[in-house]
Amino acid sequence: MKDSGIGSIDLLIILVYIIGILAIGLISVRRKKMTSINYFLAGRSSKWPIVGAALFASNISTIHMVGLAASGYSEGLVWGNFEWMAVFTLILLALIFAPFYFKTKIATLPEFLEKRYGSASRTFVAFMGIIAALFIHLGMSLYAGAVVFESFFGIDVQLSIILISIVTAIYTVIGGLKSVMLTETVQTIILISGAVLLTIFAILELPRHGITSFAIFKDALKYGQLSMLHSSDSIKALSPAGGNTGLTWYAVLLGYPVLGIWYWCTDQTHVQRVLSARSLEDAQKGSLFAGLLKILPVFILILPGVIGYILYSDIIGANANQTFPVLVTHLLPVGIKGIVAAALLSALMSVVAAALNSSATLMSIDIVKRFRPKTSDREQVFFGRIAAVVIMIAAMLWSTQGGNFSSIFEAINKIAAAMAPPITTVFLLGVFSKRGTKEASIITLCLGFVLGIISFCFDYVPISGKMYITNDWGIPFMMQAWWLFCFNCIIYYVVSYLTPRPDPRAIAECTWRSPFSVITQGKFKGVKDIRFLAALLLLFLAVMYGIFK
């Protein structure tokens, strides 16, 4: 092992954290009978603060702590659009989708598609959900964690992946969602605290490098590095890879909702926390609380990377993925370094646990139970645990590919841009279109998935040799997501009008009477009304964009 700069006190803090999280996760379910409802949905008893904190923690992984710092170093705050636009899609989750998920009493998101379209769509989306957990939530998170562990401890990346996987899987496989959500709540506190500490120490270091005012700070950065919204020319001027990101204001406006609706409103890994809520109100308030928390990463995860460009560009050089490890190693004193390392582990463990549990749920309920209807409650839990172990092993193998992307955070979004469009199409049009048919759903999913794979392969250098769509055609991944979504919508409506009308009962149960029903249906309850709270959050988001435009 190489000298890591991590002292014995820091190692002790990390060890205490790992033992504490394992203890909390296992003790939380010690006296509970492990039924399928308890294992997969935490007994449907979660209150809104836990739902919101768990939603946030299941998203903020090492991908964010390492990847967003790297993106801040390279391009700046523009990558914060993925955080702030998530606020918008979490509002959609609370207002548009959560009411139907509770009304239909589903346990999984593919189960909702069966109620709306039929069994074929359910099976297909269940498989896609497992693939998403494997390639996005697990694989890239493990790689990001291993990169930092190598910097801290000098441990080989592959060995780090194995160690992290084993530790995280223990309480997840044994304890189920109840254990996962309780630990995620604790991890949210540790994660935010660690990120805030790193940001504070980074800011305090600036005067030692001659940065004594905000004007000097701006002058030391690349032009536009503190801007959220960019034109095509300004994003290209930020870095050599700026043109490949395609994060123009119109790409964010058009492309992100395609990714965000899939990620926050239809992906089992996250929405499973909403399904565990004790009531619809807790589910909706939890979603909005998670949205409020998503304002923070711009300031505590991306901004440190921007500061790192001023402080340590001579050390980091072109390897942006080293931004976070360098900041921790060079800025933090003994003790604080251990807390931030624990925050990193919190981020990693929360996402891996969430993805494992959701994979187990999809495999057990949507695949095993459907093909073996007589599967007992106890057997469902058993098959879920086996699935979690198998998927974890597969994710460990895929995680070694993380180094093929210029930014880890960019990697997950490129994969999402290929997978999200067909799922977003069938869910979004499913709750608003009374004409959408079961044939339209399955054909859109199948063709959309094939098109997504093709587009990803043509833009994935290890396969195609170059980024054909991004570089030759001038269509970065965000706009690829938008155009794939448009094409999927065309497929959906063409097939819908060529096939018989859907079952009226499915429409009545799973579709809004009109788009305006989202905000007009039901009696207004004053300042505690979900619609009012959502409007306040949306106004706050607009103000933040106005400040950092």
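Q: In this predicted model, are Phe 82 and Tyr 256 buried or exposed?
A: Both are buried: Phe 82 is, and Tyr 256 is too. The term calls for under 20% relative accessible area. Phe 82 and Tyr 256 are therefore each under that cut-off.

Q: What makes the ring pair of Phe 82 and Tyr 256 edge-to-face?
A: Two values decide this. The ring centres lie 5.8 Å apart, and the planes meet at 80°. A pair needs centres within 6.5 Å, and edge-to-face needs planes over 60 degrees apart. Both conditions hold, so the pair of Phe 82 and Tyr 256 is edge-to-face.

Q: Why is the pair of Phe 82 and Tyr 256 said to link distant parts of the chain?
A: Phe 82 belongs to helix 5 (residues 81-103). Tyr 256 belongs to helix 12 (residues 249-266).

Q: Why is the pair of Phe 82 and Phe 477 called stacked?
A: The planes of Phe 82 and Phe 477 are at 15°. Stacked means under 30 degrees. The centres are 6.5 Å apart, and the cut-off for a pair is within 6.5 Å. Hence Phe 82 and Phe 477 are a stacked pair. This pair also links distant parts: helix 5 holds Phe 82, helix 23 (residues 477-498) holds Phe 477, and 395 residues separate them. Phe 477 is buried, as is Phe 82.

Q: Which residues do ring pairs link into a cluster?
A: Trp 79, Phe 82, Tyr 256 and Phe 477. The structure holds 23 aromatic pairs.

Q: How do you know that the charged end of Arg 435 sits over the ring of Tyr 497?
A: The charged end of Arg 435 is 5.1 Å from the centre of the Tyr 497 ring. The distance cut-off is within 6 Å, and the charge must also be within 35 degrees of the ring normal.

Q: What makes helix 6 (residues 109-116) largely enclosed by the rest of the structure?
A: Six of its eight residues are buried, so helix 6 is largely enclosed. The six are Leu 109, Pro 110, Glu 111, Phe 112, Leu 113 and Arg 116.

Q: What is found at the start of helix 6, and what follows helix 6?
A: At the start, a side-chain oxygen of Thr 108 comes within 3.2 Å of the backbone nitrogen of Glu 111. A polar contact requires N or O atoms within 3.5 Å. After helix 6 comes Gly 118, with a positive phi near 145°.

Q: Which elements give two or more residues to the lining of the second largest cavity?
A: The cavity has a volume of about 80 Å³. Among its lining residues are Leu 109, Pro 110, Trp 262 and Ile 423. Helix 6, helix 7 (119-153) and helix 12 each give two or more residues to this lining. Helix 7 gives the most, with four. The structure holds four cavities of 30 Å³ or more.

Q: Where does the largest share of the lining of the largest pocket come from?
A: Helix 5, with four residues. The largest pocket has a volume of about 520 Å³. It is lined by 21 residues, and the closest to its centre are Pro 99, Leu 280, Gln 284, Gln 521 and Gly 522.

Definitions and conventions: Residues numbered from 1 in each chain as written. Predicted model: local features only at pLDDT ≥ 70, side-chain atom pairs only at ≥ 80, totals over all residues. Heavy atoms only, no water. Buried < 20%, exposed > 50% of the residue type's maximum accessible area, 1.4 Å probe, protein only. Polar contact = N/O pair within 3.5 Å; in protein donor to acceptor, adjacent residues only side chain to side chain. Phe/Tyr/Trp six-rings, centres within 6.5 Å; stacked < 30°, edge-to-face > 60°. 1 Å grid on protein atoms, 1.4 Å probe; cavity = no way out; pocket = protein on both sides within 12 Å on 5 of 7 lines; lining within 4 Å. Points joined across faces, edges and corners; volume = space filled by probe spheres on them.
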